Amino acid sequence: VCIVFEFFSVGLSVYLNYWYVDFYNSLQSYNQSLLITQLVKFVFIVFFMIINSFFLYAISQIFVIKIRAYLTNFYTKRWLYSLAYLNETEEYDNPDERISNDIKQFITILKALFLGFVGSVLTFSFFSWILWHLSGSFSVVLYSFTINIHGYLFWLAVLLAVMNIYLVIKVGKP
C-alpha cells in the first residue's frame with residue numbers, strides 16, 4: 001500500500017510538472033480565464049498531494065507499529081527463553097527496552113530507505129521519460145557523417161550528472 005501511495009506521489013509530481021507548463025503559457029499569453037482554470041487545478045493538485053502524503057505517512061507508521069510489535073515480541077521471547085543472559089558476565093540494563101528501541105530504529109530506517117529508493121527510481125524513470133520526449137532529436141555533422149542524437153536533453157543531463165559525480169569525488173577526496 002505504501003508503494004502504491006509512492007506511485008501516486010510521483011504521478012502527482014509529474015502532473016504538477018505539466019501544470020507548470022500550462023500555467024506559464026497562460027501567463028505568457030495573458031489569458032485570464034485559462035489562468036484562473038490553472039489556479040483551480042493547482043488547488044486540487046496540492047490538495048491531493050497533501051492527502052496522499054498524509055495517507056502515506058499514516059499507513060507507513062501503522063506498518064512500523066505492526067512489524068515492531070511482532071519483532072519485539074519475537075526477539076524478547078527468544079532472548080528470555082534461551083537463558084542466554086545467564087551466561088553473560090555483564091549486566092544488561094532493561095534488555096527488553098533495548099531490543100524494542102533497536103527494532104524500532106531498524107524498521108524505521110529500513111522503511112525510509114526502501115520507500116526513498118522506490119520514490120527515487122520512479123521519479124528518475126518518469127522524468128527521464130518526460131525529458132526524452134521533450135527533447136526530440138539533434139543532428140550533428142562530423143566529417144560528412146550525420147549523427148542523429150535522439151533524446152539529446154536526456155543524454156546532456158546524464159553527462160552533466162556524471163561530470164558532477166566526478167567533480168564531487170575529486171574535490172571531496174582527502
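**Close-up 1. A nonpolar surface patch in the predicted model.** In this predicted model, the side chains of Ile36, Val40, Phe44, Phe47, Phe48, Ile51, Phe54 and Phe55 make up a nonpolar surface patch of about 770 Å². One of these residues, Val40, is found in helix α2, which covers residues 32–82. Val40 has a relative accessibility of 41% and therefore counts as partly exposed, since the partly exposed class lies between the buried limit of under 20% and the exposed limit of over 50%.

Close-up 2. When neighbours within four places in sequence are left aside, the residues in contact with Gln38 are Trp19, Asp22, Phe23 and Ser26.

**Close-up 3. An aromatic cluster.** Trp19, Tyr20, Phe23, Tyr24 and Phe42 together form one aromatic cluster. Two members of this cluster, Trp19 and Phe23, are also among the residues that Gln38 contacts.

**Close-up 4. The aromatic pair of Phe154 and Trp155.** The count of aromatic pairs in the model comes to 15. One of them, formed by Phe154 and Trp155, has its ring centres 5.0 Å apart and an angle of 70 degrees between the planes, and is edge-to-face; the angle places the pair in this class because planes over 60 degrees apart count as edge-to-face. Phe154 is buried, with a relative accessible area of 14%, whereas Trp155, at 43%, is partly exposed.

Terms used. Residues are numbered from 1 along each chain as its sequence is written. This is a predicted model: local features need pLDDT of at least 70, side-chain atom pairs count only at pLDDT 80 or more; totals for chains, interfaces and linings use all residues. Side-chain values use heavy atoms; hydrogens and water are left out. Patches are made of residues with over 30% relative accessible area and no salt bridge: like charges are joined within 9 Å, nonpolar side chains (Val, Leu, Ile, Met, Phe, Trp, Tyr) within 5 Å. Accessible areas come from the Shrake-Rupley method with a 1.4 Å probe; for residues, only the protein chains shown count as cover. A salt bridge is a side-chain nitrogen of Lys or Arg within 4 Å of a carboxyl oxygen of Asp or Glu. Helices (H or I, at least four residues) and strands (E, at least two) are DSSP runs, numbered from the N terminus. Buried means under 20% relative accessible area, exposed over 50%, partly exposed in between (1.4 Å probe, protein chains only). Contact means heavy atoms within 4.5 Å. Rings of Phe, Tyr and Trp (its six-membered ring) pair if their centres lie within 6.5 Å; planes under 30 degrees apart count as stacked, over 60 as edge-to-face and the rest as tilted.
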